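Please open the model in a viewer and follow the selections below in order. Each stop names what to select and then describes what is there.

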Amino acid sequence: MKRLAIGIDEVGRGALAGPVVLAAVTISGRISWRHPALGRIRDSKKLTPRRREAWFLHLTKHPALEWRVSRVTPRVIDRINIARAANLAAHRLVKRTVSSHRRAFVWLDGGLALPERIPHRSLIRGDERKPLIAAASIVAKVWRDRYMARLAAEIPRYGFEIHKGYGTRYHRRMLKRHGPSAIHRRTFLG
């Protein structure tokens, strides 16, 4: 039986508001990491929003790829800390992706960890070095950005659609004016 390859990356680690979001992308067939119109796949941070969206559509519709997302809420992040929250989400993704009868190897972006019993490797700048992790970074980033835009419609006074919960000057000004909302990470506001 062929071993399954999974790439996992996270987004939102340093945000003041919203969840930390991790994506797992699993490859089950042949794929070219070069798109005719978009070029080679890159880390989500090195793509424009338009290119990220185009890659997201390409990846999520590709027949050789499967993807899943896991998020951890600000309340849990405040309770257990951001590193443990991200690792919890990574572990959830692996459990949901791999059934007991399938073997898998997980590639993680640096800073993430899994229990030792799960075959994995964490790569510093993995989203730049491993296309499968870059794919996960794109899925996680686009999914979280869309989620934060939906939250902006529910809680419009902070401008989440603009800064996605990160600590921009505008976001900090709105925090001073309105105080934190239910989706702000209290431990990050100190």
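**Stop 1: Helix H5**

Begin by selecting Met-148, which lies in helix H5. The model is a predicted one. Is Met-148 buried or exposed? Its relative accessibility is 0%, and Met-148 therefore counts as buried, the cut-off being under 20%. Leaving aside neighbours within four places in sequence, display the residues in contact with Met-148: Ala-17, Gly-18, Pro-19, Phe-160, Glu-161, Lys-164, Gly-165 and Ile-183. For a distance across the model, select Gly-29 as well; 119 residues separate Gly-29 from Met-148 along the chain, and their C-alpha atoms are 32 Å apart.

**Stop 2: The nonpolar cores**

Now select Ile-8, Leu-22 and Val-106. These are the residues that touch the most other members of the largest nonpolar core, a set of 24 residues. At least two residues of this core come from each of strand S1 (4-11), strand S2 (20-27), helix H2 (74-80), helix H3 (82-97) and strand S6 (104-109). H3 supplies the largest share, seven residues.

Keep Val-106 selected and show its surroundings. Not counting residues up to four places away in sequence, Val-106 touches Ile-6, Ile-8, Val-94, Leu-114, Ile-118, Pro-119, His-120 and Arg-121. Then turn to a second, separate core of 23 residues, whose members include Ile-27, Leu-132, Ile-138 and Val-142.

**Stop 3: Thr-26 in strand S2**

Select Thr-26, a residue of strand S2. Thr-26 has a relative accessible area of 4% and is buried. Which residues are in contact with Thr-26, leaving aside its neighbours within four places in sequence? They are Leu-4, Ala-5, Ile-6, Ala-64, Leu-65, Glu-66 and Thr-97.

**Stop 4: His-62 in a loop**

Finally, select His-62, located in the loop between helix H1 (49-61) and strand S5 (65-72). Not counting residues up to four places away in sequence, His-62 touches Arg-30 and Ile-31.

Methods
Residues numbered from 1 in each chain as written. Predicted model: local features only at pLDDT ≥ 70, side-chain atom pairs only at ≥ 80, totals over all residues. Heavy atoms only, no water. Helix = DSSP H or I, 4+ residues; strand = E, 2+ residues; numbered from the N terminus. Contact = heavy atoms within 4.5 Å. Core = buried A, V, L, I, M, F, W, Y, C linked by side-chain atoms within 4.5 Å. Buried < 20%, exposed > 50% of the residue type's maximum accessible area, 1.4 Å probe, protein only.
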